[in-house]
Every structure is written in C-alpha cells, then in structure tokens.
Amino acid sequence: MKPVRLDKFLADAKLGTRSEVRQLLKKGLITLNGEIVKKPDIKVDPASDRVLFDGKEIFSEKDVYFMLNKPAGVVSATEDRREKTVLDLFSSEDRRRDLFPVGRLDKDTVGLLLITNDGALSHRLLSPRRHVDKTYLVHLDRPIPADAEKRMEAGLDIGDEKPTLPAYLEVLSETTARITIQEGRFHQIKRMFHAVGCEVIYLKRLSMGSLALDPALEEGCYRRLTPEEINKITSDS
Ligand code: URA
C-alpha cells in the first residue's frame, strides 16, 4: 500500500472530515507506532504502520474482500513460523494486518478462499447453524462405490460425536465428483470419502455460498470481489 498523509488516512477511515481529524490530532488522540502525532501531513504506510485513535487501531478502508485461488503448499493462516501462508501471496500494496482467510483449506487443497477483514461476515459464513453450501471438485484414488451418493446424503459416521449433515455428491466419472457440504469439519471431505472406501488425491474448492471461484483466476492469484459479489455474499449468509 502507498504511504498517505495521516489526515487523509484518518478521513478515509471515516473518523471525520479532514478538518475534524485535524482537531483529533491537535488534541493528541492519535498515535503512530506508539507515539502521539499532531502533524496532519506526516506520511503513514497503511501496510506496516500502526495508527491508534483513543487506543483503538484504525484501518484505512473499512471492509475489504479478496478471492484467492489457493495453490497447494501454502497454509490457510495469517502467520506461520515455518510455512508459507496464504497472506504471503499478497502484494505489499494489498497486504494489511487485519486480513485473514475465512475458514481453512488443507495445505494440499486448492481453490476458492475468501480473504477479508470483515469478522462479522466470516462468523456468519462459518457458523454451523447457517448451513452455507461449499462445493468441491474431488479426484479419488479408485472408483467411487455405487452406494456413496446415498450414504453421503444420509450422513456418515466419520468418527466424530455426530454423523455428518447430508452432503450431495455428483459423480462426474469413475474417480471424479463434485461434492457439496454445509459444514467445515477438520479434513471433512477426506474423512467422508475414507468412510466410503476411497482416498482423496486432489481437492479443489469451487464455491462458498453465492461466491464462485473465478475460472480466469490462476492458482496463486487473487483479486478483489466485485461489488455484485460483495452484495451477494454479504446478504446470503
Ligand atoms: N475437506 C477436506 O478434507 N479438506 C479441505 O481442505 C476442505 C474440506
């Protein structure tokens, strides 16, 4: 992100008009990296500087939403001591400290991952009570058993306290399928296929609620959601 004047940064963060935020600065209510700052024209780098108003961290743009086509080999975390994270794929312009992935994909899973700073949306999309559909493309190591569709729809015992909620399987070939689940348990799809006798060798998330992976987005690439996509995803959960 480009450095910007502090008064612009604060006004963009909806703290008030430029003249109102100058008053806040004069009163000594703004700190930059721990120091009180009073000059409106001081430059801040939104990606690395920490600006606080009355002790609360301020971010330049309120809610931001990105769609990432997650590649294999990166972890769905904001920080990791050993592994590359999905946020390491972001350019310094777009990366900001309040971004996080909505839910987790395994390290070897690819496909759609929503990255945002909107905690309320994330909470709604991940709430087990909301039953948000997540659709994946799966490749298996052997032919899918004939009864897999029925068993997945009925709910499977995958060793948890409760069986899985009904899942919908669309068999595409002997060893490939699309599966839609409404939960997000740990390794859920791998464990569901294991329960019917096959192992997942490739897993790609295609959609989450109304948000579908943009087929033009290559693995490892991301883009901002369009206003229509934001509208839909924030209203369908
Ligand atoms: N189910 C899995 O097993 N892995 C994922 O990454 C997502 C769903």
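The structure is a predicted model, in which local features need pLDDT of at least 70 and side-chain atom pairs count only at pLDDT 80 or more, while totals for chains, interfaces and linings use all residues. Residues are numbered from 1 along each chain as its sequence is written, and side-chain values use heavy atoms, with hydrogens and water left out.

A backbone N or O atom of Gln 188 is 3.4 Å from an oxygen atom of the ligand. For Thr 109, an N or O atom of the side chain lies 2.8 Å from a ligand oxygen atom. The protein buries 95% of the 240 Å² that the ligand exposes when taken alone (Shrake-Rupley method, 1.4 Å probe; for residues, only the protein chains shown count as cover). The residues that surround the ligand include Leu 105, Asp 106, Tyr 136, Ile 189, Lys 190 and Leu 203 (a heavy atom within 4 Å).

The chain has six helices and 15 strands; these are DSSP runs numbered from the N terminus, with at least four residues (H or I) for a helix and at least two (E) for a strand. In strand S7 (residues 65-70), six of six residues are buried, that is, under 20% relative accessible area, with exposed meaning over 50% and partly exposed in between (1.4 Å probe, protein chains only). Tyr 65, Met 67 and Asn 69 point one way from S7, and Phe 66, Leu 68 and Lys 70 point the other way. S7 pairs in the antiparallel sense with strand S9 (residues 110-116) over six bridges, where pairing requires at least two DSSP bridges. In this pair, Phe 66 stands opposite Ile 115. S7 also pairs in the antiparallel sense with strand S15 (residues 222-224), over three bridges, and here Leu 68 is opposite Tyr 222.

Ile 115 is also one of the residues with the most contacts inside the largest nonpolar core, which has 33 residues. Such a core is a set of buried Ala, Val, Leu, Ile, Met, Phe, Trp, Tyr and Cys residues joined through side-chain atoms within 4.5 Å. S7, S9 and helix H5 (188-195) are among the elements that give two or more residues to this core. Apart from it lies another core of 14 residues, including Leu 112 and Leu 225.

Notes
Polar contact = N/O pair within 3.5 Å; in protein donor to acceptor, adjacent residues only side chain to side chain.
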